Each structure stands twice: as structure tokens, then as C-alpha cells.
Amino acid sequence: MAAKKNNNKKCRIFGETTAENFRKTTLHHIMSFQGRDPQRAGDRDVYKAMGYALRDILVEKWIETQKSFYTKKQKRVYYLSLEFLVGRSLGNALINLGLFDEAAEALKQMGYKMEDIREAEEDAALGNGGLGRLAACFMDSIATLKIPAYGYGIRYEYGLFYQKLIDGYQVETPDNWLRYGTPWEYERTRSVFPVHFYGRVNSYIDENGSYRSEWVDTEDVMAMACDMLVPGYKNDHVINMRLWTAKASRELDLSYFNVGDYIGAVQSKVQSETISKVLYPADVVVKGKELRLKQQYFFVAATFQDIFRRFKKKNDSFDNFSDEVAVQLNDTHPAIAIPELMRLLLDQEGLSWEKAWHICVNTFAYTNHTLMPEALETWPVDLLGRVLPRHLQIIYEINQRFLDQISSAYPGDQNRLRYMSIIGEGERKTVRMAHLAIVGSHSVNGVAELHTHLLKTRIFKDFHEFYPGKFNSKTNGITQRRWLLKANPALAELISKTIGEEWIVDLDQLRKLEGKANDQKFQRQWQQAKRVNKVELARIIENTCRTSVDPDSMFDVQVKRIHEYKRQLLNALHAIALYQHIISSPEGNITPRTIIFAGKAAPSYWKAKLIIKLITSIGDVVNNDPRVGNRLKVVFLPNYNVSLAESIMPAADLSEQISTAGTEASGTGNMKFSLNGALTIGTLDGANIEIMEEVGEENIFIFGMTAEQAEYEKMHCSRLPHDVYEGNSVVRQVIDGIRAGAFSKGDTELFKPIVDGLLDQYDPYLLMLDFEDYLRCQDEVGRAYQDQQTWTRKSILNTARMGKFSSDRTIKEYAGEIWGIEVD
């Protein structure tokens, strides 16, 4: 593995003979922490022991890091996110601490293989998709850049779900990632805070004649901190994610127990601790929606008690609060923090509204992650008022003062007032959390240049006009330390041997590879590294899907959350077109291709789940048709997570980034694939545009409508899906095949909703209107792949030009332009 042999600074706990002492420390932890006989220990026992050994090192460095924050009197950043999709921690910790080779040698002495021990670790199910993975990348960059910061979220006992495929259908089972425990966390039993719900509000005039409120008769839950430590890359800097777990305020109600009602005696405990039980409880029912609201407030309320505790150590007043505290809201999930901070400053600290609001706005910054209007979070007023009555009062006051400003700036413009109001006045009144986040923050950022442009000109146009300068762009990034150094050791080693190791902390250094793009020897080495990864992924596919795939075929990959706007269906239609072409033209010059899908559909999203069934059904037909052979395979890998992504992305030849233009905020999977040398086929959406600008139009495959053209078609329907169907025989054959039951064993009803949706003139995702150009572009891809020398050159240049997309760059921009922190 590259870039791990030059760390001369050994950790004190292991002394100079690190491998030997690592072995001894691991054996000690097998006995002392787990009570196991080392001679009978299994892979999981060894993994946990090694995790505890590394945690010993991490906590020592973390203590020194925390002391340095106080010594330097640095401003602190608090990154609030409902998700942190960290994946596995063992390999990442070893790499960032510079101990990978020593640990591997210690395991070898003990008779174990590093890859087996790493496989024993469960993925930490603390997130779902791009939002949580971005937060995890940011934590790595924050630690590496030595920024004084903390991540705050929830320690979910169960993840979203474990995805199984049964008869081609997605089946959800519990993702109990903590069933064997985890060595990576510290439970902080002294950091326990009460969190209040329900109750009522008393208002009164205090002794100074000021209007005051108090929130009383509440139901309380205790929030206990669990810290997961995050090391920077070889810099002795370790930060923590503080994740809250819910505890009952009372373990047992003896009044119930003593009369024999044993279930009633523990009912309160069970209900209280449900808050941190599951990531994203289903919100299609009232109880699920209420639990999600309680989750959001639970972690926000605990976080601000922790922030206040830390701030009050050195401060007697709140005059300098926003100079010492920066809070970044990762989407609207933590936006309830705005009225919570106001409540604390008004009701507990006795500040005036004006001073409290000034502190609030200068403390918060908000990152928006969506362009889908239906995805902008809202809460019913009656629900929020029942669960958080004081917060609803504060929101109404914020809104009234805000609308007064709007009325003054735009007299008589009632439509503008209705649109910009924090309270939505529909059939059921709602609180618009994005509006609250915009009004209550000094910065609002999009996550790609196109995304930010559309926020300013389409989604929040009136807010941008009213708050000139508040909106800004911070294009997302990924950490190269996980997504290249850790995930792709074969390529990372080749790069380091060629240009040195500086790219690990300065991704712009990859530009030095451009000079090697035409070097045939280097191209062969590049291809060899790719093939190593493809052989490994082929093994995983064989073991998981029971399908044999050819590593020499093009690996055409689309892995992400299953959603109509991400258009996995478009990819599936192309797979059918390829299959039908092979059958009709068996002697044709077809580029062998393995089409790989992975991703989860939300449990209640029936259309997305039906798309999964269609994909698996296409695979059943294609993969078992002897006329096709190795020219085409279609596979769906179940239970997509970070660890699986680390195996897929280094092996990909083609990256499918084909969302409807104007719907994807940024995407980060596109960056991970390109960093690992995959070429992109994509629309001009999200960060695809910036990737194209960096890698060059000749090194990417672009098709389809622009965001402006897509918006025009949605409004005017100048060309209808049925016109495409009637006018293109290939398209017609694909649709007719699905309709006739060719991929459903003759069942013409199973996929009828998909066919009907494709031919609906009001299809918001414009699949048929982009399908013809997608087919054209895929033909171009197939021809290009046959020229391996040119393809490899393009692959090298994709990797070489990905410097902009490091999360290190993104975090430097946040620090300097939003948080007011200088980075060395």
C-alpha cells in the first residue's frame, strides 16, 4: 500500500519497535477488553483488539489537540449533521496515523491477514447517502487541515436498513451495526444533558419590566455523548464527532412495577430511547414524522448545551459568542437550532431580542443540498407546536419581523410575502425550514456552481434579491485519503512512485501525471492497476450475485440512491437496447460490457423499488441467455455502502452520472469515479459541469438537455415522449419489449407503471426526451473503449485533473469565507 512507509515519527505507546509492540498491545486487548484466549480468538476479536489499540493512540493525540484549542484561544466550528456516513474506521485510522505497514506485520506475526481483519468490521450505519458521506469527508479534511472543529450528530443504533434482494425485489431488514459493539467510541457519561419536549409556555413580565417566557411541564429525555475520534493525516491532530444517544430520565417506574405492571414500568424508558434508535424512521405516518422532528431537536438541543458549556468556561457574557463560535447547518435537518439558540439567549440568558438575533444570524451558516422543491423540508405547524411549543412562538416572531422588513422593502407585494414567509399558508400550515435557515444565517451556500446559480435564480430568487451577497457556492469535494489512497492501493502506489506522495495532502499535485498520459509504459502500468481492481470486483460479483463477469469487459457503473431523478431507469433501458442489438445482430461489433448497479430505494418509494425489480429482471434474462455470452452482463449488487463503494469505484471504467439536468445539487460519486480514472457519461448537471471544465470536453461524454432546456420542456412540452417512441425504432423496440413481458416472464402488468410513466407527456424527469441522445452517446463510448490506448490516456487525464475536487479545498473555502478561520 502506497505512502505508508515514510512515517518516522512512531507513536509513543508503541515505542520504536512498533510492529512487535503493536502485536503485544493487540494481544493484551484481546484478553483485557474482551476476556478471550488469544489462541482461540477469531477475526472479529482481533479486529476489535486492534481498534482498541489504535483508540489508545487516538485519544492521547485528541487530548493534546483539545489543549491546543484552549491554549491558542481559537474560534471553534460546530458542524451539525443528521448523518455521518463514515464507513469502516480501521484502515482509515491506520493510514492517517502512518501505521498500516506496522499493523500488517503485527497481524502476520499473529497468523492473520490484514484484509480478513478489515472485513470483520461493520460499516458504521450513521448515514444514508451523499449528505452523510460528504460530512465524513469534511471531518477528515478538517482534521488534516488542523481546524478547531467538532462534528455533531446522532449515534443511531440501527442504520437505514440492510438491503436484501429476494426474487429481484428489495427487502429491508434491520441494519444493527452495533450488535457486536464498536471499539471506536467513548461513552461520555459526564456529558449528559436533558432535552425537553411537549409541555406548555408561561409568559410573564420580569422585575425589569421585560417580557419573558418559560417552557414548563415538559417530558424529558437525557442525551449522552459518544465520541468517535477522527485523525488527520500524519499530523498528530485528532478531532471528534460527538454523537448523541438517548437515555431515559428514569430507568424504571416503581409505581407500575410494584403493582405487577412490568411492561408499564419500562415503557417510558423504551419510548425515550427510541429517539436514537433508527436513522430516518418512516414519516408516512404521524408517529414517524413526529419521531423525526424529535430526533432533529434532540441532537440540536444537546449540542447547544455542550457549546454553551464549553463557551462559558472562558466567557462571562455573550458579547463575543459569534466571534468564538461558528455553526454550520448541513441541510435543513439541524435548522431547528436557530429558534433553539434564540430560546436559550432569551429565556435562559435574559438577552434582548435584538441582541440575541444579532448573535444568532452571525453564528449560523446554512448549506443547501437540494433543488427538488418537494425535498425542501417542512413541518406541520400543529405538530411542531405540540412537540416544541416555545420554538413555534419564536419562529412566529422571527417570521413577523422578517415579513415587516419585506413589506417595507416591497410595499403592497402580497405574492412576495406569501412566497417568502417562513410559514406556509396552505391547507395545513407548515414551517418552511429552508426559509428559516436562510433568514437565520449569515451565509447560504450551494454545493456546485450550477446548483448555486439555480438557487439564486429559481428556487430562492426573491431571497437572493433581498439578501445580496448572502448566497455563495462551495463546490463539494472528497477526501483523496479514503477514496484513492485507501480504496485504490494499486493506483495510489503507482502515482506515488511516479510523482511522489505530496498529492495525499495536496491533490493539485496530480497535475504532474499529465506528462505521463502519452507514455505507453506508464499506460500499461495504469491498465494493470485497473485490472487488479476489476478482478477483485468480479470476485465480489461472483460471490454476491452468483454471476461470472469478464474483467476485460467495460465496467459500466451506476451506484447511488435509487430515485427517478437519478435515472437508473435510463441506464436500464440502454441495457435492454444493447441486449436486443446483440440478439438481432449476433455478428455485430459490440464492445463487451458489464453494467453494474447498486443503491437503496426508500422503503415507501414503490416506483424506485419497481425500478430495482426491472433491473434485476433484465439481468435474469440477459445473464442466462447463451446467445449473449460475455458480451453483456447486468448485475445489481445489494446493500450498497461505503465499503462496497471502495471496491466498486477503483474498478469502474465508465461512471454513469445521468440525472435530469437541473435536479442534482452536486454529486460526489462523480468525483470519486473520476479520481480513480473512470470516464464519465453524464448530463450537464451538478458538479458534472465543473468536472468537464477541469478534465476537458474531449475526456468526458456529455449528452442530453441543459438545465434551461429541461425547464423549458417541463413548461411547454414542445416534444412528447410518444413522439420519440413513434419516431425511433430502437426506442420503440425497448419499450415494446418491457410492455410485452419480455423481462417479466410474460407478465404484462408488472412493469406497466414504468411503461406508462415513460410515455406520460408530463414525465418530470424527461427520460424519453433524453433517451435518443443517451443511446448516441453510449455508442460513442463503446467505440472509444475499443481504442484502449486513447481510453487510458483519457483515464490518466481524468485523475490528473481532479485536484479541485478535494474536500481539503472545499473546507479551506468554508473556513476562510464563511467561518472566519485562517488555515495554514
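In this predicted model, helix H29 (residues 729-739) packs with helix H30 (residues 752-759) at an angle of about 150°, and their axes lie 9 Å apart. An angle over 145 degrees counts as roughly antiparallel, so H29 is roughly antiparallel to H30. The crossing of H29 with H30 is left-handed.

Look next at the residues that meet. H29 brings Ile735, Ile738 and Arg739. H30 brings Val755, Leu758 and Leu759. The contact of H29 with H30 is made of 5 nonpolar residues, 1 charged residue and no polar ones.

Now turn to the nonpolar cores. The largest holds 214 residues. Leu54, Phe298 and Phe304 have the most contacts inside this core. Helix H9 (residues 286-312) gives the most to it, with 12 residues. A second, separate core has 59 residues, among them Met554, Leu573, Leu632 and Ile754.

Residues up to four places away in sequence are not counted here. Phenylalanine 298 then touches Ile154, Val195, Phe197, Val221 and Met222, among others. Its partners also include Ala223, Trp244, Thr245, Ala246 and Ile275.

Finally, go to methionine 31. This residue lies in helix H1 (residues 18-32). Methionine 31 has 45% relative accessibility, so it counts as partly exposed. Leaving aside neighbours within four places in sequence, methionine 31 is in contact with Arg36 and Pro38. Alanine 41 is 10 residues from methionine 31 in sequence, and the two are 9.5 Å apart in space, C-alpha to C-alpha.

Conventions:
Residues are numbered from 1 along each chain as its sequence is written. This is a predicted model: local features need pLDDT of at least 70, side-chain atom pairs count only at pLDDT 80 or more; totals for chains, interfaces and linings use all residues. Side-chain values use heavy atoms; hydrogens and water are left out. A nonpolar core is a set of buried Ala, Val, Leu, Ile, Met, Phe, Trp, Tyr and Cys residues joined through side-chain atoms within 4.5 Å. Buried means under 20% relative accessible area, exposed over 50%, partly exposed in between (1.4 Å probe, protein chains only). Helices (H or I, at least four residues) and strands (E, at least two) are DSSP runs, numbered from the N terminus. Contact means heavy atoms within 4.5 Å. Axes are lines fitted to C-alpha atoms, for helices over the stretch in contact, and angles run from 0 to 180 degrees between N-to-C directions. Angles under 35 degrees count as roughly parallel, over 145 as roughly antiparallel, 65 to 115 as roughly perpendicular and the rest as oblique. A crossing is left-handed if the near helix is turned anticlockwise from the far one by less than a right angle, and right-handed if clockwise. Ala, Val, Leu, Ile, Met, Phe, Trp, Tyr, Cys and Pro count as nonpolar, Asp, Glu, Lys and Arg as charged, and the others, Gly among them, as polar.
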